[in-house]
Amino acid sequence: MPVARLVEQPSRVLVSGGSYAGLSVALNLLDLCNGLPSRFTGEKAAPDTSKQVPLEITIVDERDGFYHLIGTPLAFASTEYATKAWTLFQDIPALQTPAFKFVRGSITGVDSEKKFATIAEHGSQRDVQIPYDYFVAATGLRREAPAAPQTLSKKQYIVETTNHIRTAQAATEGVIVVGAGAVGIEIAAELKLLMPDVNVTLIHSRSKLLSSEPLPDEFKDRALQLVHEAGVRTILGVRVVDTIENKTSGSEVLLSDGRRVKADLVINAVSKFHPTTTYLPSTVLDDDGYVKITPSLQFNSDIPNAYYHHATGDIVSWSGIKRCGTAMHQGLYTAANIHQKMLANIRNITPVYKELASDIPPMMGLAVGTQAASYGPPDNSVSSGEDVMQMFFGNDLGFTICWNYMHLGDAPFKVEPTFFAPEEDCRLTQSLASEPICA
Ligand SMILES: Cc1cc2nc3c(=O)[nH]c(=O)nc-3n(C[C@H](O)[C@H](O)[C@H](O)COP(=O)(O)OP(=O)(O)OC[C@H]3O[C@@H](n4cnc5c(N)ncnc54)[C@H](O)[C@@H]3O)c2cc1C
């Protein structure tokens, strides 16, 4: 009589958003479900079969690849870097495993009771419904230009960045960047670094840069010093009242003190963003549209099946400045907590959750040309210089740091599927023997 080999049905995880947060969830969950330590711990160990769980992850994203959002100021100043900053999902070695499936499209709805999501599939007029066991919202913020590219394919994005770079290079009257938040500062500094002959002026309505950030004045003053050292001119404490575009002689910016400044390119970097949560029921959102979560990153609301729904990254309602390091860290915690829930379901363990600290202090790394400034725990001191740039951003605005941290270049570890005897688990659904085991 042939020996019955039984394969457990995979747990289906739907991750909406395939960037820092979403990929961190998917990749760490893959490690854990293979019985390995999660990749962010840096530990190496042989697979622990008692922690293995068959897994199927669907990643939904509007883009056709991983875009290194932090690199945007440089991507819109250097065509070479722009190509590097966007990697098609099919070209990322770590994602090439049958455990991952990609759907290119926009998530438009989530039915938490029936546990399926609706996706407007890119390139077709179709809405597809994807069932899941566990759901993760990791779609971040909708950011307008110039904070993020507005195109969704790498091909279109190369055209978008190339056009912008050409316009900046031809700006004989100079470039004006309006708004000295982190994005405006970095855009101005990268343009000046890559195009030293172009006059770059940063205009801000308040007397201090980064005026809306909960950061000490010492950091803001240091940022101003670095901006000047980068060769960017500043006009502070005045508002832009109007921008008059002239087809033949560039633009003229009218300031609240009556001054007029000429430029061929005016970049409005006054931040405009909102959470991408229109696909979720309003009861799971706070007043600003962010997802309310528990410290274990589970939805913190009484919708049906909240236990199976998680949110991570920029989209969550939590303390602290929105940062990519935070998004990846939360991705790890989300993966670990979903894995615990899977083990509790299959092996009857008591789940132990990783929980976020309730009060994340403000921290920031700011790239300003060849230098960077940093502020944050543990000592809350301000540092700056080229060494700080190397530590926080390397030579490519953090692309290699993030790529290596997520191990995107590593081929996936190959693990044999886990087999169980029937008495171990009543969720067994597929049998190579002729008789059904459990209904
Ligand atoms: C210019 C700039 C510079 C920055 N610099 C730094 C820095 O130096 N250090 C730092 O720590 N942080 C920095 N940040 C912040 C950092 O980029 C964010 O905190 C980080 O991107 C959050 O990651 P996330 O995965 O949560 O969201 P995102 O990176 O925004 O990713 C969300 C993903 O979801 C997809 N998506 C959105 N809506 C949908 C939908 N409806 N359906 C399907 N897919 C969808 C998007 O295409 C995207 O791939 C910077 C941000 C900007 C804009």
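Ala85 is found in helix α3, which spans residues 79–85; helices (H or I, at least four residues) and strands (E, at least two) are DSSP runs, numbered from the N terminus. The model is a predicted one, in which local features need pLDDT of at least 70, side-chain atom pairs count only at pLDDT 80 or more, and totals for chains, interfaces and linings use all residues. Residues are numbered from 1 along each chain as its sequence is written, and side-chain values use heavy atoms, with hydrogens and water left out.

With a relative accessible area of 0%, Ala85 is buried; the term means under 20% relative accessible area, while exposed means over 50% and partly exposed covers what lies in between (1.4 Å probe, protein chains only). Leaving aside neighbours within four places in sequence, Ala85 is in contact with Phe66, Tyr67, His68, Tyr157 and Phe399, where contact means heavy atoms within 4.5 Å. Leu74 is 11 residues from Ala85 along the chain, and the C-alpha atoms of the two are separated by 9.1 Å.

Between the two, 10 residues of domain 1 are in contact with 14 residues of domain 2.

This brings us to the ligand. Both domain 1 and domain 2 give residues to the shell around the ligand, so the ligand lies between them. In total, 31 residues surround the ligand, and the closest are Ala21, Asp61, Ile107, Asp314 and Cys324; a residue is near a molecule or strand if one of its heavy atoms lies within 4 Å of it. Five elements each supply at least two residues of this shell, namely α1 (20–33), β3 (55–61), β6 (100–111), β10 (141–143) and α7 (324–347). By residue class, the shell divides into 13 nonpolar, 10 polar and eight charged residues. Here Ala, Val, Leu, Ile, Met, Phe, Trp, Tyr, Cys and Pro count as nonpolar, Asp, Glu, Lys and Arg as charged, and the others, Gly among them, as polar.

A backbone N or O atom of Ala21 lies 2.9 Å from a ligand oxygen, and for a backbone N or O atom of Cys324 the distance to a ligand oxygen is 2.9 Å. A polar backbone atom of Tyr20 is 3.4 Å from an oxygen atom of the ligand. Of the 1000 Å² of accessible area that the ligand has on its own, the protein covers 92%; accessible areas come from the Shrake-Rupley method with a 1.4 Å probe.

Some backbone geometry in the loops is also worth a look. The peptide bond from Ala145 to Pro146 is cis, with omega near 5°, and Pro146 sits in the loop between β10 and α4 (154–169). A cis peptide bond also runs from Pro377 to Pro378, with omega near 5°. Although not a glycine, Asn380 has a positive phi of about 50°, and at 39% relative accessibility Asn380 counts as partly exposed. His407, found in the loop between α9 (399–405) and β25 (428–431), has a positive phi near 55° and is partly exposed, with a relative accessible area of 24%.

Conventions: A polar contact is a pair of N or O atoms within 3.5 Å; within protein, one must be able to donate a hydrogen and the other to accept it, and residues adjacent in sequence count only if both atoms are side-chain atoms. Domain bounds come from an automatic or database domain assignment.
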